[in-house]
Structures are given as structure tokens and as C-alpha cells.
Amino acid sequence: MRFVLDHDVDVRVGAVLRQAGHECWPSTAGLAASADDDTVAVYADDRQAVLVTHDREFTRRRMKNTIGRHVRLDCEQPDAIAVIGNHLAELVAALEREHDVVMVVSAAGVTRHAGQWE
């Protein structure tokens, strides 16, 4: 699976994803650091990649207007490595079944939010 990390995600999360055999790169590798959230979402979707972020507001907007696959890490940045590592198999299995979806990953597990448009 392919993942794009939003600017607010620790690059060590990418290392966890790559160690599990996935492709992963920061959004700044293909976009300006000042790119807006919608541009980042379209960039990830155009590359058949899952967008990973900590940004709560960005995730709320994606829940209302879902573009591609979006994952919000609902944890503090220092905990993100453990949270993603602990739930990666469950997350990937869920992401493989759907395209337009938002997933929230926390210490408690993975929560799915179906894609919609308002």
C-alpha cells in the first residue's frame, strides 16, 4: 500500500510503514510545504496513496467531503509510532476494502467513517 504523510506527521511513522513493506513519503516530497489540505488530499488520491495526518480539522472536512483514503492519527505525535504499529494490520485490511473512506486510528483501535458528500 502507498502512504503520504501530511506535514504534521513524524517521519518515523513513515519508517514503520516502510518496514512493514509499504511505500511512504512526505507530502512535501511532491508539493510545496505551503500546499493547502485539499491539494494534499488530491495529490495523495491521484497517486493511489492513503493520506495520514494528525490534523483534526482536516479530517472533519474529509468526513464531509471524502476524497480517497484518509487516516487521522488520534494521538500525541510521540505516541504515533506505537499507535500505527499496533494497529497497522487492521488498518491496512480495512483500507484495502474501500476507496473513499476516513479512518481514525487511536490507542484503542481503528474506527471507520464512510465517505460522503455534503
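Axes here are lines fitted to C-alpha atoms, for helices over the stretch in contact, and angles run from 0 to 180 degrees between N-to-C directions. On that basis, in this predicted model, helix 2 (residues 37-46) and helix 3 (residues 56-64) pack at an angle of about 65°, and their axes are 11 Å apart.

**Helix 2 against helix 3**

- The crossing of helix 2 and helix 3 is right-handed, and it brings D37, D38 and A41 of helix 2 into contact with F58, R61 and R62 of helix 3. By residue type, this contact divides into two nonpolar, no polar and four charged residues.
- Within helix 3, the buried residues are F58, T59 and R62. Seen down the axis of helix 3, these buried residues fall within an arc of 95°, so they line one face of the helix.
- The partners against which the buried residues of helix 3 pack are helix 2, strand 3 (50-53), strand 4 (69-73) and strand 5 (101-106).
- At its N-terminal end, helix 3 is capped by D55, which places a side-chain oxygen 3.0 Å from the backbone nitrogen of E57.

**Helix 1 and the residues that follow it**

- Helix 1 (residues 11-19) has V13, G14, V16 and L17 as its buried residues. They cover an arc of only 155° around the axis, which puts them on the same side of helix 1.
- V11 and Q19, on the other side of helix 1, are exposed, whereas the buried residues are covered by elements that include strand 1, strand 2 (23-26), strand 4 and helix 4.
- Just after helix 1 comes G21, whose phi is positive at about 95°.
- H22 is found in the loop between helix 1 and strand 2.
- The side chain of H22 reaches the backbone nitrogen of M1 at 3.2 Å. Apart from neighbours within four places in sequence, H22 is in contact with M1, F3, L17, L88 and V92.

**F3 in strand 1**

- F3 belongs to strand 1 (residues 2-5), and at 0% relative accessibility it counts as buried.
- Leaving aside neighbours within four places in sequence, the contacts of F3 are L17, H22, E23, C24, W25, A49, V50, V52, V92 and L95. One of these, W25, is 22 residues from F3 in sequence, with the two C-alpha atoms 6.6 Å apart in space.

- D6 is placed in the loop between strand 1 and helix 1, where it is buried, with a relative accessible area of 2%. The side chain of D6 makes a polar contact with the side chain of T53, at 2.8 Å.
- Beyond neighbours within four places in sequence, D6 is in contact with S27, V40, L51, V52, T53, D55 and F58; among them, D55 is the residue that caps helix 3, and F58 is one of the buried residues of that helix.
- D6 and R112 are 106 residues apart in sequence, and their C-alpha atoms are 19 Å apart in space.
- Q48 is located in the loop between helix 2 and strand 3, and at 52% relative accessibility it counts as exposed. Its phi is near 50°, which is a positive value in a residue other than glycine.

- H87 lies in helix 4 (residues 80-97) and is buried, with a relative accessible area of 12%. Leaving aside neighbours within four places in sequence, H87 is in contact with V105, S106, A107, A108, G109 and V110.
- A82 also has its place in helix 4, but it is partly exposed, with a relative accessible area of 43%. A82 and A107 are 25 residues apart in sequence and 8.4 Å apart in space, C-alpha to C-alpha.

Key: Residues numbered from 1 in each chain as written. Predicted model: local features only at pLDDT ≥ 70, side-chain atom pairs only at ≥ 80, totals over all residues. Heavy atoms only, no water. Helix = DSSP H or I, 4+ residues; strand = E, 2+ residues; numbered from the N terminus. Left-handed = near helix turned anticlockwise from the far one by under 90°. Contact = heavy atoms within 4.5 Å. Nonpolar A, V, L, I, M, F, W, Y, C, P; charged D, E, K, R; others polar. Buried < 20%, exposed > 50% of the residue type's maximum accessible area, 1.4 Å probe, protein only. Arc of directions from axis to C-beta. Polar contact = N/O pair within 3.5 Å; in protein donor to acceptor, adjacent residues only side chain to side chain.
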